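I begin with the terms and then record each look-up.

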Amino acid sequence: MKFDYHDLYDHQFEEVVVTLCRKLLGQGAKSFAKGPDGGRDSRFSGIAEQFPSKASPLNGNIVIQAKHTDDPIAKFSDKSFSSDAKTSVVSMEIEKLKRLVNRGQANHYMLFSNRKLTPDSEEVIVERIVRESGVESAHVIGVEDMDCYIRDFPEVRDSHVINPVDSPLRASSDDIARVVVAINRHKNKIGDGVREKCTPSQRTKFERKNEINGLSEDYAEVIIKRYLPDFYLVKDFLENPVNEDVYDKYQDAVDEFNIKIAEHRKDYHSFDSLLNYLHDNLLKVDRELSTNKRLFKLVLYYMYWSCDLGKDEDA
């Protein structure tokens, strides 16, 4: 069993990292807390039990950092993460690490992230951290090594069985992406007059639906209603029997989104922020959706308008 690391909250990922470090370094590995440099990190002081090996363990003050991402295809080599730019994650970590080295509080550095790591990237990043920060050694650990450690220490996995309800609002992009791509191919084939005869209907009046779900008037008027004139594209496509297989995918997406919304509704102050979070995370992980942004929003807002998404009067 492997963790779906991107489905964790930041603090859950930190907890997994600390548990691993207590196996690799020793029970003295601290929980993540805000340090004097303003960042959150973990520390260990002493001789490590078995990292990087039992024969040659680290000795001294070890600074441990965890950088979580919800992007399942993220890499250590991404420019935003490890480039020489001052704003990259590694650059900012080096600046904080320099201060700890100067205060005598860091001899070694361990950077965990749920990103993919190639040997070439590892060599470049490690060499740079050591050269620019002044630590004796640096170690970067990606998903590949984390998976290996969790297989070696199954108790780590068992102690971090994550309840799906306690995880962030994540939904699969597969079904909605298939719908968006299919409608994109179809939209230029719609004949004259379809717009007029395909005015979308609602089971619950829009104002009442917004009240039930907690959607703000501004979001409803300024954002969703802007897409109303084009809802006929979605309606015409979904009502055509030829597209039954894609309609099934639409319903699958509706079912999954509603399940996720029901699980996480309490975590959001408004339905506005919930819709935005769902939209932003799906856009981030799916190339088809990111290249059809407006059409993706059109389908998502159509789901809400037509009472497929969220609560309605019957609920």
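I took helices (H or I, at least four residues) and strands (E, at least two) as DSSP runs, numbered from the N terminus. I counted two strands as paired if DSSP finds at least two bridges between them. The model is predicted, so I note that local features need pLDDT of at least 70, that side-chain atom pairs count only at pLDDT 80 or more, and that totals for chains, interfaces and linings use all residues. Residues are numbered from 1 along each chain as its sequence is written, and side-chain values use heavy atoms, with hydrogens and water left out.

**Entry 1: strands.** I looked up β1 (residues 33-34) and found it joined to β2 (residues 40-47) by 2 bridges, the two strands running antiparallel. Lys34 has Arg40 in β2 as its bridge partner. I then followed β2 to β3 (residues 59-67), where 6 bridges pair the strands in the antiparallel sense. Here Arg43 is bridged to Val63 of β3.

**Entry 2: α13 and α15.** I fitted axes as lines to C-alpha atoms, for helices over the stretch in contact, with angles from 0 to 180 degrees between N-to-C directions. Helix α13 (residues 271-285) packs on helix α15 (residues 293-305) at about 140°, the axes being 11 Å apart. The two are therefore oblique (under 35 degrees is roughly parallel, over 145 roughly antiparallel, 65 to 115 roughly perpendicular, the rest oblique). In the contact (heavy atoms within 4.5 Å), the α13 residues include Phe271, Leu275 and His279, and those of α15 include Phe296, Leu300 and Tyr304. I sorted the contact residues of this pair into 8 nonpolar, 1 polar and 2 charged (Ala, Val, Leu, Ile, Met, Phe, Trp, Tyr, Cys and Pro are nonpolar, Asp, Glu, Lys and Arg charged, the others, Gly among them, polar).

**Entry 3: α10 and α15.** Helix α10 (residues 217-227) packs on α15 at about 115°, with axes 8 Å apart. This makes α10 roughly perpendicular to α15. Among the contacting residues I list Tyr219, Ile223 and Arg226 of α10, with Arg294, Leu298 and Tyr301 of α15. The residues of this contact divide into 7 nonpolar, no polar and 3 charged.

**Entry 4: Pro72.** I located Pro72 in the loop between β3 and α2 (79-82). The C-alpha atoms of Pro72 and Lys284 are separated by 9.4 Å, although the residues are 212 apart along the chain.
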